[in-house]
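Biologist: Could you take me on a close look at the aromatic rings in this model and how they sit among their surroundings? I would enjoy one connected walk through that part.

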Amino acid sequence: MKRIDHRVDLAIGHEEAFHAWTDFAQFPAFMGAVTRVTVTDALHSVWELRVAGLDWEYDALITANDPGRMLEWITTSGEVSLAGRAVFDPLTETSSRLLMRIEWTPRGPLEHLASMFGGDSLIVRRELSAFRAHVEVAVRDGLPHPLR
């Protein structure tokens, strides 16, 4: 299993950032690899991704939820086996740090090769940057968004 750890500082409070993170259905609007998320109930969702020209679909289950602070999930079926953890730490009243851990198992030769050269880590970093831009622009512009 491959482990990827990244962090990103956000110019938004940790509870507001957590709330935005848990609005999975909005991810396709700003994350490049996520094409669709269907939330089926409070714990289950279906994810569709397109990465390096490959389409992946998997079912995810939230395994731990500390509202405003931490969320953990695993895949229960589909084309990828992964587990994730997002922790939101307050830095100040108006800033926070998102600590992300993804553990996944590359399946085929292309996935192993991409993982060996850090392609998977690059994708996680890019998607976290997209999340940061999304929440910070929404807060700055006072737009209607899932943070409120």
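Modeller: Gladly! Rings of Phe, Tyr and Trp (its six-membered ring) pair if their centres lie within 6.5 Å. Please keep in mind that this is a predicted model. With that cut-off, ring pairs link Phe18, Trp21, Phe24, Phe27, Phe30, Trp47, Tyr58, Phe88 and Phe131 into a cluster. The structure as a whole holds 11 aromatic pairs.

Let me start with Trp47 and Tyr58. Their ring centres are 6.2 Å apart and their planes meet at 5°; planes under 30 degrees apart count as stacked, so this pair is stacked. Trp47 belongs to strand β3 (residues 44-51) and Tyr58 to strand β4 (residues 54-66), so the pair ties together parts that are 11 residues apart in sequence. Both Trp47 and Tyr58 are buried.

Strand β4 also brings us to another pair, Trp56 with Trp104. Here the rings are tilted, with 5.9 Å from centre to centre and 45° between the planes. Trp104 lies in strand β7 (residues 95-105), so this pair links distant parts of the chain, 48 residues apart.

Strands β6 and β7 run antiparallel and are joined by 11 bridges, and they form a hairpin with 2 residues between them.

Now back to the cluster, by way of Phe131. Leaving aside residues up to four places away in sequence, Phe131 touches Leu10, Ala17, Ala20, Trp21, Phe30, Met31, Phe88 and Leu98. Among these contacts, Trp21, Phe30 and Phe88 are also members of the ring cluster. The largest nonpolar core has 37 residues, and those with the most contacts inside it are Trp21, Leu98 and Phe131. Helix α3 (residues 119-141) gives the most to this core, with 5 residues. As a general background, nonpolar side chains tend to be buried together in soluble globular proteins.

Conventions. Residues numbered from 1 in each chain as written. Predicted model: local features only at pLDDT ≥ 70, side-chain atom pairs only at ≥ 80, totals over all residues. Heavy atoms only, no water. Phe/Tyr/Trp six-rings, centres within 6.5 Å; stacked < 30°, edge-to-face > 60°. Helix = DSSP H or I, 4+ residues; strand = E, 2+ residues; numbered from the N terminus. Buried < 20%, exposed > 50% of the residue type's maximum accessible area, 1.4 Å probe, protein only. Pairing = 2+ DSSP bridges. Core = buried A, V, L, I, M, F, W, Y, C linked by side-chain atoms within 4.5 Å. Contact = heavy atoms within 4.5 Å.
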